[in-house]
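Welcome! Take a moment to look over the structure below, and then we will walk through some of its features together.

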Amino acid sequence: MSITCRFLLTLVFFSAAATKLRGRSDLAQFRATVREFGVGPRWSSAAAGAVIAGELVAASLMLFDAAALAGLGLAAVLLAAFTGAIGSAVRRGATTSCRCFGASDQPMGMRHVARNAILLLITAAGVTGTLLAPGGAGGLDVTALILSGFVAVVLATLVIAYDDLVALVLVR
């Protein structure tokens with residue numbers, strides 16, 4: 001369980017960072033979104049850089065058994081901060097679009113808070129599993145690692161495509 005949670009979160013965080021760094025336009029749009037969350041123009045570049053660096057560091061740490069708890073802890077802090085920022089924006093009535101995984105025309109909403117709450121639960125499951133089975137990936141056979149990786153890829157794909165999937169379900 002902990003390996004699947006770590007793989008899933010690693011894929012989600014690497015994907016989130018990569019979509020913000022695809023090109024100058026993507027990074028500029030993410031900085032603009034950060035400003036729409038209330039970060040002043042003077043600090044928006046630093047805040048955007050901190051978010052991207054945090055995503056990359058959390059994802060990298062979760063890859064290694066010895067650093068998994070640190071990565072999961074950082075992931076939890078980031079997800080809690082993202083959830084708070086999104087919740088605050090929704091309460092203010094902001095129509096900021098979600099740039100969590102690149103360009104999106106979907107405005108922030110409670111569905112993003114729900115997605116992050118689910119990711120926080122997955123993080124908690126990863127922490128619990130890591131604490132209860134400290135052997136990590138080294139204690140698993142190849143079949144278990146492949147199965148964990150497959151499940152993580154499928155679930156991460158669903159998380160990354162979340163806005164598109166919600167749009168399909170909530171056809172107006």
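The largest pocket holds about 450 Å³ of space. Among the 25 residues that line this pocket, Phe30, Val51, Glu55, Phe82 and Cys100 are the closest to its centre. Please keep in mind that this is a predicted model.

**The pocket and its lining**

- How many of the lining residues are nonpolar, polar and charged? The lining has 19 nonpolar, 2 polar and 4 charged residues.

**Helix α1**

- The 19 residues of α1 should span 27 Å at 1.5 Å a residue, and this agrees with its end C-alpha atoms, which are 27 Å apart.
- Is α1 mostly covered or mostly uncovered? Helix α1 is mostly covered, since 15 of its 19 residues are buried.
- Phe13 is a residue of helix α1. Its relative accessibility is 3%, so Phe13 counts as buried, the cut-off being under 20%.
- Phe13 and Phe101 are 88 residues apart along the chain, and their C-alpha atoms are separated by 9.2 Å.

**Rings and a charge**

- A pair of aromatic rings is described by two things, the distance of the centres and the angle of the planes.
- How many aromatic pairs does a search of the whole structure find? The search finds 0.
- Phe30, one of the residues closest to the centre of the largest pocket, has a charged group over its ring: the charged end of Lys20 sits there, 4.9 Å from the ring centre.

- Look for Gln29 in helix α2. Is Gln29 buried or partly exposed? Gln29 counts as partly exposed because its relative accessibility is 29%, which falls between the cut-offs of 20% and 50%.
- Gln29 and Val113 lie 84 residues apart along the chain, with 21 Å separating their C-alpha atoms.
- Where is Ala133? Ala133 lies in the loop between α5 and α6 (142-160), and with 41% relative accessibility this residue counts as partly exposed.
- From Ala133 to Thr95 is 38 residues along the chain, and 43 Å separates their C-alpha atoms.
- Asp164 has its place in helix α7 (residues 162-169). Asp164 is exposed because its relative accessible area is 56%, and exposed means over 50%.
- Asp164 is 44 residues from Leu120 in sequence, and the two are 21 Å apart in space, C-alpha to C-alpha.

Conventions. Residues are numbered from 1 along each chain as its sequence is written. This is a predicted model: local features need pLDDT of at least 70, side-chain atom pairs count only at pLDDT 80 or more; totals for chains, interfaces and linings use all residues. Side-chain values use heavy atoms; hydrogens and water are left out. On a 1 Å grid over the protein atoms alone, a cavity is a set of points where a 1.4 Å probe fits but cannot get out, and a pocket is an open set with protein on both sides within 12 Å along at least five of seven lines; lining residues have an atom within 4 Å of a point. Grid points are joined across faces, edges and corners, and a volume is the space filled by probe spheres set on the points. Ala, Val, Leu, Ile, Met, Phe, Trp, Tyr, Cys and Pro count as nonpolar, Asp, Glu, Lys and Arg as charged, and the others, Gly among them, as polar. Helices (H or I, at least four residues) and strands (E, at least two) are DSSP runs, numbered from the N terminus. The expected span of a helix is 1.5 Å times one less than its number of residues. Buried means under 20% relative accessible area, exposed over 50%, partly exposed in between (1.4 Å probe, protein chains only). Rings of Phe, Tyr and Trp (its six-membered ring) pair if their centres lie within 6.5 Å; planes under 30 degrees apart count as stacked, over 60 as edge-to-face and the rest as tilted. A charge sits over a ring if NZ of Lys or CZ of Arg is within 6 Å of the ring centre and within 35 degrees of the ring normal.
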